[in-house]
Amino acid sequence: MALLVEVGWGGLVQFPDTITWTDITQRVDTKQGIKIDRGASDEMTETQPGTASMTLDNDDGWLTPGNAASPYFPYVRTDTPIRVRKLVATKNLLTNPTFESGTTNWKLGSDVATSFAQSAVRAQQGTKSLLITWGGAFNINPTFEASAGSWTGNTASVARVSTQAHSGSWSLQVTPNGSGATPRAESEKIPVTAGNTYRATGWLRCVSARSVGVNMNWYDASSVYMSTSFNNAAVPANTWMPYSQTFTAPPGAAFGQLTATVNGTPPVTDLLFADDMRMLGATGNEYPAVGTTVYGLTMGRQYTASAYVWVPTGSPAVQLFVDGLSAGAASTVFDGWTRITYTFTATSTSHLLELIPAGNPQNGKQVWLDSVQVEAGATATTFDPTPVRIYDRFWGVVNDWPLDWEGLEATVTITCTDIFKRINLLPALNSMAAEEVIEQGPVAFYPLTEPSDSTSAGDLSGAGAGSLAIQQAGVGGTLALGSAAAPAATGDQVATFTPVSATVGQWLSGDMGENARAILTQYWPVFEAWFQTTTGGRAIMGLASVDLVSQHVLSLSAGGQLQYEWTTSGGALTTVPVTGATGLADGNWHHVVYDQRDNYTYLDGNLVNTGVAVTYGYEQRILHIGGYRSTRLWAGQIGYVAMYGVNDPAGAILSEHYEAGTTGFDGEDADVRVQRLTRYAGLSNVVISGSTFDPIASQGSGGSQVMARLREVESTESGKLFARRDGYGLAFQSRDLRYNPTPAGESFQITYGDLEPGTSFKADDQKMVNSVTATRPGGATQKVTAPSAILAFGAKPKDLNILKTSDNSVLDAAYWLVSRYANPGPELREVVINAASLPAHEAILGADISSYFTVSDLLPQAPVLAARVTIEGYEETITEEEHLIQFHTSTTTNDSVWILDDPDYAVLDSTTRLAY
């Protein structure tokens, strides 16, 4: 077994698919080992945040935070992603050596024109191989771009491009519709036609001819400006980035900021970019390659890589190449399978193994690859198709990088925590009604839940929309934010509008800002709001452009029918009633979603109208709530006003927010609730196990953290919630996952001779529960007891407050607890083994929380000769020679349920408990 420790320098833990992992195994002090703690101490306690700790070599200072000389600078910082894995190999060190099941873990080198795919045309063994289609030599032009915002005119002018001291040439382009020029050491105005479009996002793109060697190319970004038909908001220099469509940025392509102007004083009109940019061209040719990373190597040890290749006549010969080292001999056989090899000495614990063409390839030429192997030793032996197996042990983030010294040796001893850390630090949740809105990514969101003495309402979308201020029409009337009960399940207080008349009173209005304008112009607007009134003829909300050319108003008619009013010409508003949305001035809360993409209207969760004839508006950014431009002032309550910009229909999804506000999703199953809550936490990767999930009562009101809400569901379900060890995600298990374990379902079996010191039985009252008082929100208080156990041991009470939706479910949960723990027998609570020395070591590595195993051949003094136990958590220490694991276990029969006439699960006074 080999250890693998990887760090995701600069990676964001919440976006695991974008993390580039760096192998730092060679830095780990394997004599001290890696210590990992995970899960719970027993089945009656909650799982805790998993932790890992290890000592790393830092003699080169590369792990010193703030060290600019480190290749990891500036990413040696807290919350850096880290993962620990164990590798088990029979002989072959590759994770995918045969391509029978796909191309997993194989990747392209730097050439974008090369491609590869699984092929059934021919195979050296099995039925599949990897077909590689070569591109040409690397010749991608270094390209950099920056956003130029949106524009509405037909033609714009881009100013000057300056270049200095280079052998290539630069052109400046504006997309999607633009032309370029190729100035050299001079300045030139480049006319660009934006096209007859009202919604376009522009990009300034600077493209160079490929540089051979290192050539500096200066681009005078200060002298780039747009005509007044463009949005001229300043874009900082650091918005420039290497451009890529289907390929990665060219090797060596980089840019930086200069302190001096290359081409004189820039113009002051409509200045768009600041400072000059320095661009570095690609450093010569690079050839195509297809490869995979080999892990588990020992530094200084000799290895041999081998592969079978089929090179058609006319295609270039191929050779194996180990990145950072060298390449093996090229193939010499055409139109048949031949084996090529390369022997190397590892200089790292991982290397990139690639197949490359031996000469300059031609576009479209092909080669088939199969039966790839990397093995210890100086020669290639018989191919073994068994891949290396990877077992995840920990996935989380580094908490700190403390520096220490042992004599003259510098070390860093780090502690790491799994994603429970991130979840535990999240702020308290808003109401479900508000969280559902935020999850959908609105352009602006105004819950109107501020304190009643506030004079403005703020945006909670996180998109930076401006606040709305209280406006006054005439003299009199009031507007009190956060002063009236919101929809029933929210627990919030929202705004009350009390005007003197339709034209005298107060409403909210403000400029949402440029970001909102750009998105609502480029995409289709969607309106959402809750409202309550007994007065018709008033405006709920309105949206307008600054010049009032585009206006859209959502209002009620005098008779209480929902209607839209609009103009895109600045003229009088056209009124369009919404069929099926009548009688809304009834004093009840109503929820409306208007999706302008398809002109669909959803009222109180239902689609009530399609095809309302309303024209799309542009450049809108001024929002009114509770009235529109001093008229039709709202009398009643409004809350949770949101604006979205969408490409696809969104009304049906947003209509579900009605249930969030009215019931808090009361009655949805526990697995659905867990997925909902984790989405609020920014998590989508949740593994659900089991099949029995009870309905969960409402959690609609705000004020609690996500983890607290998840624990409520876990307790109600009698399930298990824990952080995954294989990625950024959670696992949630229902209670029935543990029902009636069988020998066939065991993860592994061990004997007394496999045990290490620390293994112990316990027979005490630590877990005893013989009296349960149980309650639920809005339900009865009920009690379940075990009289004989109380008589024998005294009362061992427990209160159970759970989110069940019926009194019978509460009673079942109380009985389940008492039937298991009224008189618990002796149990094996700690099992210690050295996994590295056991034949079942791979099965042990695969075991996780809620897995179970049997310890047999126990000594005569033990309460039983064989004990089947369930894993609740574990502590492990992985060193150079050992892998000690101390499992925290519980008696598996505690989770057994009654089966009629079953010899094991229908035993009187033992396994007669009913399933719940």
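Phenylalanine 887 is buried, with a relative accessible area of 1%, where buried means under 20% relative accessible area, exposed over 50% and partly exposed in between, for a 1.4 Å probe and protein chains only. Phenylalanine 853 is likewise buried, at 0%. The model is predicted, so that local features need pLDDT of at least 70 and side-chain atom pairs count only at pLDDT 80 or more, while totals for chains, interfaces and linings use all residues. Residues are numbered from 1 along each chain as its sequence is written, and side-chain values use heavy atoms, with hydrogens and water left out.

The structure holds 21 aromatic pairs, a pair being rings of Phe, Tyr and Trp (its six-membered ring) whose centres lie within 6.5 Å, with planes under 30 degrees apart counted as stacked, over 60 as edge-to-face and the rest as tilted. Two of these pairs are tabulated here.

| Ring pair | Centre distance | Plane angle | Class |
|---|---|---|---|
| Tyrosine 616 and tyrosine 618 | 4.8 Å | 80 degrees | edge-to-face |
| Phenylalanine 853 and phenylalanine 887 | 5.5 Å | 50 degrees | tilted |

The phenylalanine pair links distant parts of the chain, 34 residues apart, with phenylalanine 853 in strand β54 (residues 852–856) and phenylalanine 887 in strand β56 (residues 883–891); strands are DSSP runs of E with at least two residues, numbered from the N terminus. Tyrosine 616 is buried at 7%, whereas tyrosine 618, at 31%, is partly exposed.

Ring pairs also join Trp9, Trp62, Tyr72 and Trp401 into a cluster. The charged end of arginine 676 sits over the ring of phenylalanine 665, 3.5 Å from its centre, the criterion being NZ of Lys or CZ of Arg within 6 Å of the ring centre and within 35 degrees of the ring normal.

Conventions:
Helix = DSSP H or I, 4+ residues; strand = E, 2+ residues; numbered from the N terminus.
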